[in-house]
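Open the model in your viewer and keep the selection panel at hand. The stops below go from the whole chain to single residues.

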Amino acid sequence: MAVLGKQNIGTFALAPRLLRTLCAFLLALSLTVGGGYAQAQTPANASPQNVRASIDIETNRPAPGDVVTVAIVMDPKFGWHDYWINPGDAGTPLELAWQLPNGVTAGSVRAPVPETLIVSGFMNHIYKAKHAFLVDVKIPKDAQPGQSLNVTVDARWSACSDLVCVPEAATLSVPLTVGSGKISDADRARFDAWRSALPVPLDRSALYQLDGKRIEIAIPYPRSAKAERVWFFAQTEKLFLYAAPQSARRVGDWLVVSGEVKAGFDGQIDGLLRFNDAQGLEVRAEAGAVPSGGDAVSVLGEGAPADQEQSSLGFGWILAFSVLGGLLLNLMPCVFPILGLKALSLAKMGGDEGEARRDAVAYTVGIIVSCLILGGIMLALRAAGEEVGWAFQLQDPAVVLILLLLMVAVTANLARLFEVGGIGAGEKLTRQGGLSGSFWTGVLAAVVATPCTGPFMAAAMGAALLLPTGLALLIFAGLGFGLALPFLAIAFIPALRKRMPRPGLWMVRFRQWMALPMALTSLALLWLTYQLAGVTGLMIGGAAALIILAGLFALGRKQKKGSPYKWVVIALLGIAIAAALIIGKVTIAPAGTASKAGSINFNEARLNTLRAEGKPVFLYFTADWCVTCKVNEQAAIDRTETNDAFRKAGMTVMVGDYTRRDPDITRYLAKYGRSGVPLYLYFPPNGDAQILPQILTVDDLTALTK
């Protein structure tokens, strides 16, 4: 970690820790007790001052109702400094006591970005150069033109050098006369210069995470913006060890600053992030999950940041997990029929090795492009402040409805109600049409594979959210490659292709049988539409599906007769778009209570209370669109044996329903390196969380109670 330069100040610098602590106490005591003495003995604007104070105003002829900016200008002598709002380990900040006419009010003090100074282990937040504290003064609306409104303020501050600190004070006054409110160009330019030194309020909350006395603060910061020589100044007092070294790293669109605190705490933190050449951001941080990994960034002061902890998994392993996770997605009920259709198309090609490989590549490109687009949208939404995870699109009723109608169309095609190039396996395609069809079939496979994260995939997707954009997109591409891998293997390995059955009538029947799982997928999406948009969504989705099905049947009859069907296709597309727009206006149904008897809804505060009471907790995150989740619930969680064992052990079951977008759940998933569901956690009495496998058995769960 970078360590700021320390300055020796005579014997004080050589004193042992106990003596330094005593000196700091006496210094603070002298500033507290002596402040009133200095104020009483020092005349207003006494000279000479080590930090000279003066008052300036943007216009001395404000109009009624105007807000006029007043500057308290501080000009330290060479070798002297004054202090920021939170002075650090020693010193006192600027204190203002206003004397204002009736109806005139003064706002809060806005301070410029400070710098750091460590003196014998004590951190100070200071200003060495000329600067200004700005205060907005409100003129009453009923003020009369020509009325005199003199503004006076009693100011006190600490002026310090490397050897001594002295309290200073002044009474500052500026005459105001109610007038036109016009601001001259020179005055505007002067105050704009003062304003440019102020930190900019951050439009989004930062996140902080405590690990003992170590704190990490994740601040939203665009990856494209320059960041160096950073430092976090805590405005919230008595929390931080100001002199402790800080380190910084960049993780995508986050800038993470690490430091130390005196003890654990709750609530928000107010502070200021300094970066580059005295630029600053006002930061308000709330407790939350902080991303790990990233690249080191230099911090303010001498030295360089220490090497960051390396991820327990190298990028190669993460990429391998994404490929393996994509491979296992082929076993999902909605994806397997797509894979079967592609295998049929390969069987039809017979020994044409070149055509089989071109078809496989087109299918793979379609999958990878889709995964990259979905991953890119997810990363962009998260960078914009949205708390989204993998399969985020299935939390939008309009998107689910479009997928429902698409699955209805695929089902009708497999049942031979109509034909479309590139999906029908029994249709003779030209090479160009075949490649196009394979590409779009790959797109379809990728889209319908997104409802779940499977084994190995969870770690990879969670890591992708913490990696730089280029590496993150490579992870999504690896997922797509894994999804396409079986078809690639069949196409490029002659031994596998030779084991494919010869073309025949069985292909037509097999294709028709594949309509069954696709029809079940359609029903599942209709149920999900109901879960997201209630009865209204169910009626819209059901009606649209029936109309589309009837339209496709009419389309198939026209195809058989050779009649034109262009307008039928256009009408069906119009119906689908209209239905999506209508359901998009439906108010999303509120989240219901946990469906499992005896369980409670996820609430992090409630979870922390249960853990503090020493009670065992089984927490799982699920979603109605997650196939793996539902299988685990039926096979292991919602079983009599499991419920009896949990009840005897006094286990609390907590459920996080991720069917609809929930930022709290998204943040909690990220805490465990996940971007989607399922996630299963067991909290033993007075113990740390245990992450359970993504494929559960009754034995796995009952073993937790032993």
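Begin at Val109, a partly exposed residue with a relative accessible area of 32%; here buried means under 20% relative accessible area, exposed over 50%, and partly exposed in between (1.4 Å probe, protein chains only). This is a predicted model, in which local features need pLDDT of at least 70 and side-chain atom pairs count only at pLDDT 80 or more, while totals for chains, interfaces and linings use all residues. Residues are numbered from 1 along each chain as its sequence is written, and side-chain values use heavy atoms, with hydrogens and water left out.

**Around Val109**

Val109 sits in the loop between strand 6 (105-106) and strand 7 (115-119). Helices (H or I, at least four residues) and strands (E, at least two) are DSSP runs, numbered from the N terminus. Which residues does Val109 touch, not counting residues up to four places away in sequence? Select Ile85, Leu96, Phe133, Leu134 and Val135; a contact means heavy atoms within 4.5 Å. For Leu134, 25 residues from Val109 along the chain, the C-alpha atoms of the two are separated by 5.9 Å.

**The whole protein**

Now select everything. The protein has 19 helices and 25 strands. Of its 706 residues, 48% count as buried. Among contacts with a separation of 6 or more, 77% are between residues 24 or more positions apart. The accessible surface comes to about 32,900 Å², and carbon and sulfur atoms hold 59% of that area. Accessible areas come from the Shrake-Rupley method with a 1.4 Å probe; for residues, only the protein chains shown count as cover.

**Salt bridges**

How many salt bridges does the structure hold? There are 17 salt bridges, where a salt bridge is a side-chain nitrogen of Lys or Arg within 4 Å of a carboxyl oxygen of Asp or Glu.

Select Arg249 and Glu216, whose side chains meet in a salt bridge at 2.9 Å, N to O. Arg249 lies in strand 16 (residues 247-251) and Glu216 in strand 14 (residues 214-220), so the pair ties together parts that are 33 residues apart in sequence. Arg249 is buried, at 5% relative accessibility, whereas Glu216 is partly exposed at 23%.

Next, select Arg639 and Glu641, which also form a salt bridge (3.6 Å, N to O). Arg639 is partly exposed, with a relative accessible area of 31%, and Glu641 is partly exposed at 41%.

Then take Arg647 with Asp644: the closest N and O atoms of this salt bridge are 2.5 Å apart. Both are in helix 17 (residues 640-649), and their 3-residue spacing separates them by about one helical turn. Asp644 is partly exposed at 27% relative accessibility, while Arg647 is exposed at 57%.

**A positive patch**

Select Arg557, Lys558, Lys560 and Lys561, which form a positive surface patch. Patches are made of residues with over 30% relative accessible area and no salt bridge; like charges are joined within 9 Å, and nonpolar side chains (Val, Leu, Ile, Met, Phe, Trp, Tyr) within 5 Å. Lys and Arg count as positive and Asp and Glu as negative, with His and the chain ends not counted. The place of a charge is taken as NZ of Lys, CZ of Arg, CG of Asp or CD of Glu. Lys558 is found in helix 13 (residues 515-561) and is partly exposed, at 31% relative accessibility.

**Two positive phi values**

Go to Arg229, in the loop between strand 14 and strand 15 (231-234). Arg229 has a positive phi of about 50° although it is not a glycine, and its relative accessible area of 29% makes it partly exposed. Then move to Lys238, in the loop between strand 15 and strand 16. Phi of Lys238 is near 65°, again positive in a residue other than glycine. Is Lys238 buried or exposed? Lys238 is exposed, with a relative accessible area of 67%.

**Last stop: Gln690**

Select Gln690, found in strand 25 (residues 690-691) and partly exposed at 37% relative accessible area. Not counting residues up to four places away in sequence, Gln690 touches Tyr680, Leu681, Tyr682 and Pro684. The C-alpha atoms of Gln690 and Tyr680 are separated by 8.4 Å, with the two residues 10 apart along the chain.
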